[in-house]
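Subject: Structure for you to look at

Hello,

Here is the structure I said I would pass on. Please open it first and then read the notes under it.

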4 protein chains.
Amino acid sequence: MGYIDLRSDTVTLPTQEMRDAMYKAEVGDDVYGEDPTVKRLEEMAANIMGKEDAMFVTSGTQGNQVSVMTHTHHGDEIILEERCHIITYEVGGIGYLSGVQVKTIRGINGIMDPKDILNAIRMEDIHYPKTSLICLENTHNRAGGTVTPLSNMKEVYQIAKEHDIPIHLDGARIFNAATYLNVDVKEIARYADSVMFCLSKGLCAPVGSIVTGSKEFIKKARKYRKMLGGGLRQAGILAAAGIVALEKMTKRLSEDHENARLLAEGLNSIKGIKVDMSTVQTNIVMSDISATGLTGAQLSSKLLDYGIKVNGAGDYNVRFVTHYYIKKDDINKVLHAINTIVKEQ
Amino acid sequence: MGYIDLRSDTVTLPTQEMRDAMYKAEVGDDVYGEDPTVKRLEEMAANIMGKEDAMFVTSGTQGNQVSVMTHTHHGDEIILEERCHIITYEVGGIGYLSGVQVKTIRGINGIMDPKDILNAIRMEDIHYPKTSLICLENTHNRAGGTVTPLSNMKEVYQIAKEHDIPIHLDGARIFNAATYLNVDVKEIARYADSVMFCLSKGLCAPVGSIVTGSKEFIKKARKYRKMLGGGLRQAGILAAAGIVALEKMTKRLSEDHENARLLAEGLNSIKGIKVDMSTVQTNIVMSDISATGLTGAQLSSKLLDYGIKVNGAGDYNVRFVTHYYIKKDDINKVLHAINTIVKEQ
Amino acid sequence: MGYIDLRSDTVTLPTQEMRDAMYKAEVGDDVYGEDPTVKRLEEMAANIMGKEDAMFVTSGTQGNQVSVMTHTHHGDEIILEERCHIITYEVGGIGYLSGVQVKTIRGINGIMDPKDILNAIRMEDIHYPKTSLICLENTHNRAGGTVTPLSNMKEVYQIAKEHDIPIHLDGARIFNAATYLNVDVKEIARYADSVMFCLSKGLCAPVGSIVTGSKEFIKKARKYRKMLGGGLRQAGILAAAGIVALEKMTKRLSEDHENARLLAEGLNSIKGIKVDMSTVQTNIVMSDISATGLTGAQLSSKLLDYGIKVNGAGDYNVRFVTHYYIKKDDINKVLHAINTIVKEQ
Amino acid sequence: MGYIDLRSDTVTLPTQEMRDAMYKAEVGDDVYGEDPTVKRLEEMAANIMGKEDAMFVTSGTQGNQVSVMTHTHHGDEIILEERCHIITYEVGGIGYLSGVQVKTIRGINGIMDPKDILNAIRMEDIHYPKTSLICLENTHNRAGGTVTPLSNMKEVYQIAKEHDIPIHLDGARIFNAATYLNVDVKEIARYADSVMFCLSKGLCAPVGSIVTGSKEFIKKARKYRKMLGGGLRQAGILAAAGIVALEKMTKRLSEDHENARLLAEGLNSIKGIKVDMSTVQTNIVMSDISATGLTGAQLSSKLLDYGIKVNGAGDYNVRFVTHYYIKKDDINKVLHAINTIVKEQ
Ligand SMILES: [Ca+2]
Ligand SMILES: [Ca+2]
Ligand SMILES: [Ca+2]
Ligand SMILES: [Ca+2]
Ligand SMILES: [Ca+2]
Ligand SMILES: [Ca+2]
């Protein structure tokens, strides 16, 4: 990586160990259920999440969309946080693929108030769609990688169970959440009927995510995955990297969190830049640079000259994401560059 | 009508004049375009709204849903007020029939802030659905029959045009809005590309609503109407009542508004009942009875003994709707009954 | 009716008795379940078909589409005869509204071979959609009003039951089928889980059809009807005509069949016109006029000068449909006119 | 590969050269358009097919489904051969994902009569869906790998252009067709607006297919691919194998065809087994074993003891597919084994 790339943790390249694993991967035709490496990954993933079964998918979007398709019927209504990934970044798949209407709730740091969820559940009436799913996201991407506490998840889960409504967890970065909460990832996953998490992003696999849930759920989901074209042939190549991701990369995320914190503190000490430190919980830093006189696009463009890539997340906001390929030293370089740029204003 | 029925203006029976008109209606097979009465109604409706063309539909829901189907493609995103009729009472048709994702905005008295609409419009990005429609509702049912002012509609319309996004107006009670604003209904309709309004409700026709818009829009909409089973044969029977509705019933709605105001003021003077008079603009009164010690369901049940029907609109709210069959004298009876019931608490 | 209109039985106007019944109809808000005339019609219809429950819809298309929506899930496959009404004339609603794939079977006179149906049922496989519905049509419109015998229906029904697949019967003209078979209509309806039939067409009601089935089916179907905008307010106006249709018009269809037969025989005796008499079973006559030197469009146009309306059903085919407003004398006039036109060639 | 696996060419493992290429592949985040290997593959594929642009997808099903989604609108009708892959093996995606109704035509050896296609195109009518796509499949899988001649494709293409209807070609095995026809693959691709072909199957890549078409088509298709979860991150790993597939594996398919022919002739000489040699054109052999007294399942099971895998393609049919890992010597072993098994009957 020539650049210090803080745009997203999706830019992570496969590690050398992943390259080796892919090279030697034993593969077969997974549509026939004959790829041993895929099978091993799926078993491992189910175990780690404490679920009965698991399924490899080619992206977080595929995992989320197949999960919603599997939980719901066309014409239902589902409850999600207003700025969640499913609503924001999945190309309107909710309407197109599942034919459901959304009821969104504005959360604080991505955390919905259980009372709002309770109020949003529809009773039976000829005018009303059926509420058939609640979606959570932990960590919450657009809120800045913030973590929903277990107590909130538990409360939502109880409301859901009382109303016989399943919960899907978009856990794209669930290992970041578990790292922050300092709990086994199972402790988070238990408050959801299905969990999607990514092998790419912070875990560095080149391609792939996992959906976990009950045996019955995954069986049904496999058919939807096939329809979407996610039934792969010798997928063991990708699964091999996924196994390395699960075995080696889930325990080191605290480094990324420390780097994010360092960066956030450094940014906060630059005149004109504000970071709400209470939201810097994992590997994402959202900064407000409006008082610098620079727009996000301008800062982003100037940083390129320093070999640094960041994403404008709005007119006067910049998002930084730390990951395996961002070292403490890089953080210092970034802070130095921004300091210089801001002073020149 | 044995009861004083304030549950909704949908309970209005056809007037004697409508009965007569239906009896004598000249009809033909409207699927072949041969029903003269339907044609006459559609031309009259287009003229009244200042649109090129119009189409008879069997309900407001059908009119709204066909309009959204016609304006959008599956996978788009559309913007609506959070508590609008389309989202609340149309059985999740938005997702089922149009396959669109909704972006809801919380309005004040059902009126969305144009800035919120502007912010909600998506730019082009591989992750984003296309924003392809903005829906307005005037008067706004769940907000209590409140009217969106022309200035707001104009501002939203300009934003929409700048982004090449059509506007659909759910004008189920657009004549109530025009009455309140004291303008020709065309002045409201001009800020929307398609307008749905109801011949039933305050206008007393037994069945039917109208969708108006450009010739091209209505041509496309007719095909969707046929698919939904709204292509009728000798529909002139119903259209005949619709013509009476348009000719005789649109000018008298101020009576209903006066009765609503009388009722609201009377309720406000009853201890324990609160009505926000600023929202009593047309024929709907939303009251908060929590301080009476009664729930909406309890009051509703007790009023039945007095021959009065109302709708609980929530735990401690009661909704009253005035219409052609509610006379000033009925208002006094209702107030008297409620007074008595509350005192007995 | 100034014209002798043989284009379709959909052109039938309401009878005087229907006008009277509509005029006096007792009505209420059917969305609240308060329209006594609708209720009476629905009960009567359920009884006549031998089903638990019934629902008024605004057209045969709405009845068929809602039935398919209710029986199936998006992504299923359904079996239908290749030229059935649902596939041919319902605007592609099967794909749009139900999201199902169709497996069509070519029938003889609209009658599918039960073996073909058996072969078309999918077994469980990751690549296959689930077969979730079989649709029949009796009488079969495009085949020329031909009747599927009870023995065939019974055989198909048994196959369906063995595979736990429901049957929907498009019985738009089921009373014509019953008349031809000389059985109670229940004897046909028993081999289907849901039956749609029309009050318009041969029965002369201005608007409306009925869906019948189990209580559970109709309950679910009502919600889909609402979504499509088929939940009407004071629908009793239309239902009143429907009651007359059921009470007075179902027993007289043999007249229409006799007239059709007369017409067919007459046509067959005209040089250049061929009618397959084996298909002239009910009120539809399909004729091949290719040897007259006239196209269907030409004959149709020339007949207009005689005050006669017919439909070209293809380049050299003409379709004639008899109904309540076609008397024996009209048949003679039509034959005379065609004879004259053909001779002039 | 311990087994002689003739079930399908999807079982092919990546070659050593593919393993090497994947190991060394230069990758980036393809959602940001930064994966150089994916870009190289897509450019190469577009060139080879003579199209403006190309897009990598994770399976043939994804390529076909995204193509149909891109060409059509919900509610359209599309024309396909009755037993094509899209209808048979893609989990009903046509209805679910594109909301279209299908009009199927029975072909001979998978080849539709252009006259049947012409007749199937709908004219404009309020009752009719719009015909918006024709799908071809060359080679045709279920017909036994048979090839549609260029003359037929050209004729269909002309009909399509006259009616302004696009053509999608499911060319999963288009290189087998080109090999049989002894033409450049462009000569086939020119008669279609979009072409999907597989890098897996006969070309041995572990995962992946390609969709090619105009720039505008591919741009739109990329968004649907993203929605289905087919937007991958470091997809260059898979693309690297795809490049080897295109560079090295497309020219050797005649070997597979020769082996298929050898096998077919050998089978034909076994008493009780019939192969229609006229259909043995590429790498698939369909055999009728009914006269051996064995079912497909029985033969398949007995062959397993010989280390041979085949697929029953029906009660008394067995399908054999040759590919890179099937050598001439294997064909002899298979024939010997079948001969022995049949004699033992
Ligand atoms: Ca990565
Ligand atoms: Ca579903
Ligand atoms: Ca009314
Ligand atoms: Ca649309
Ligand atoms: Ca359904
Ligand atoms: Ca489309």
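Predicted model: local features only at pLDDT ≥ 70, side-chain atom pairs only at ≥ 80, totals over all residues.

Chain A

Chain A contains 14 helices and 13 strands. Its radius of gyration is 20 Å, close to the 20 Å that the globule rule gives for 345 residues, so chain A is as compact as a globular protein of that length.

Of the 345 residues in chain A, 66% count as buried, where buried means under 20% relative accessible area. If you take the contacts in chain A between residues at least 6 apart in sequence, 75% of them join residues at least 24 apart.

The calcium ion

Which residues coordinate the calcium ion (ligand 2)? They are A:M69 and A:T72, each through its atom O, at 2.3 Å. Both A:M69 and A:T72 are buried.

Chains B and D

Chain B is superposed on chain D by a rotation of 180° with 0.0 Å of shift along the axis, and the RMSD is 0.0 Å. The two copies are therefore related as by a two-fold rotation axis. The same surface serves both copies, since 100% of the contact residues of chain B recur in chain D.

Regards

Technical notes: Residues numbered from 1 in each chain as written. Chains lettered and ligands numbered in written order. Heavy atoms only, no water. Donors = N, O, S within 2.8 Å, 3.2 Å for Na, K, Ca; no water. Buried < 20%, exposed > 50% of the residue type's maximum accessible area, 1.4 Å probe, protein only. Least-squares fit on C-alpha atoms with pLDDT ≥ 70 in both. Contact = heavy atoms within 4.5 Å. Helix = DSSP H or I, 4+ residues; strand = E, 2+ residues; numbered from the N terminus. Rg over C-alpha atoms; globule rule 2.2 N^0.38 Å.
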